[in-house]
Amino acid sequence: MLAWVGFTLTFALARLVTGVIKIGDQDTGDVVVGGVHLHHYLWGIAIVVVAVAIYGLVDRSARTRSVMGAALGVGVALIVDEIALLVTLEDVYWTSEGWSSVAVAVIIIGVVGSALVATRSGRQDD
């Protein structure tokens, strides 16, 4: 459940922040290192690898699983938000080709959300 919530909120936030960057807000900007724009899918990959893969091998407590679930959702959302860029290898974020990222995210949100409702409805813990 935390992965789904993390994914949904992060995807919406990523779209909002990139929209603000696009309209030219002076207080918000791209992350640039050495003249190279670091797309947010890189942060998503780092979160998935560090928080989930590496940390998950070290600590397997219930609290850690909750944190890893949320981190997985956040990381995957940052990657999916730029899936069109990863497929085309061109910055198509705000073009019609870029909307395939939105379509994939909406499908994930809908399918996973429906699966959560279907598997958790009427469930009572003893």
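User: Is Ser101 buried or exposed?
Analyst: Ser101 counts as buried because its relative accessibility is 1%. Buried means under 20% relative accessible area, exposed over 50%, and partly exposed in between (1.4 Å probe, protein chains only).

User: What kind of model and numbering is this?
Analyst: This is a predicted model, where local features need pLDDT of at least 70 and side-chain atom pairs count only at pLDDT 80 or more, while totals for chains, interfaces and linings use all residues. Residues are numbered from 1 along each chain as its sequence is written, and side-chain values use heavy atoms, leaving out hydrogens and water.

User: OK. Which helix holds Ser101?
Analyst: Ser101 sits in helix α5. Helices are DSSP runs (H or I, at least four residues), numbered from the N terminus.

User: What does Ser101 touch, leaving aside neighbours within four places in sequence?
Analyst: Its contacts are Phe11, Arg15, Val80, Asp81, Glu82, Ile83 and Ala84. Contact means heavy atoms within 4.5 Å.

User: How do α1 and α5 pack?
Analyst: Helix α1 (residues 2-23) meets helix α5 (residues 99-120) at about 155 degrees, with axes 10 Å apart. So α1 is roughly antiparallel to α5. Axes are lines fitted to C-alpha atoms, for helices over the stretch in contact, and angles run from 0 to 180 degrees between N-to-C directions. Angles over 145 degrees count as roughly antiparallel.

User: Which α1 residues make that contact?
Analyst: From α1, Trp4, Phe7, Thr8, Phe11 and Arg15. The α5 side includes Ser101, Ala105 and Ile109.

User: Switching to Gly73. Where is it?
Analyst: Gly73 lies in helix α3 (residues 62-80). Gly73 is buried because its relative accessibility is 3%. Leaving aside neighbours within four places in sequence, Gly73 contacts Ala3, Gly6 and Phe7.

User: How far is Gly73 from Thr10?
Analyst: They are 7.8 Å apart, C-alpha to C-alpha, and 63 residues apart in sequence.

User: What covers the buried residues of α3?
Analyst: The cover includes α1, α2 (40-58), α4 (83-88) and α5. Among the buried residues of α3 are Thr64, Met68 and Leu78.

User: And α1 against α3, what angle?
Analyst: The axes cross at roughly 35 degrees and come within 7 Å. Gly6, Phe7 and Thr10 are among the α1 residues in that contact, and Gly73 and Ala77 are among those of α3.

User: How do the contact residues of α1 with α3 divide?
Analyst: Into 11 nonpolar, 5 polar and no charged. Ala, Val, Leu, Ile, Met, Phe, Trp, Tyr, Cys and Pro count as nonpolar, Asp, Glu, Lys and Arg as charged, and the others, Gly among them, as polar.

Notes:
Helices (H or I, at least four residues) and strands (E, at least two) are DSSP runs, numbered from the N terminus. Angles under 35 degrees count as roughly parallel, over 145 as roughly antiparallel, 65 to 115 as roughly perpendicular and the rest as oblique.
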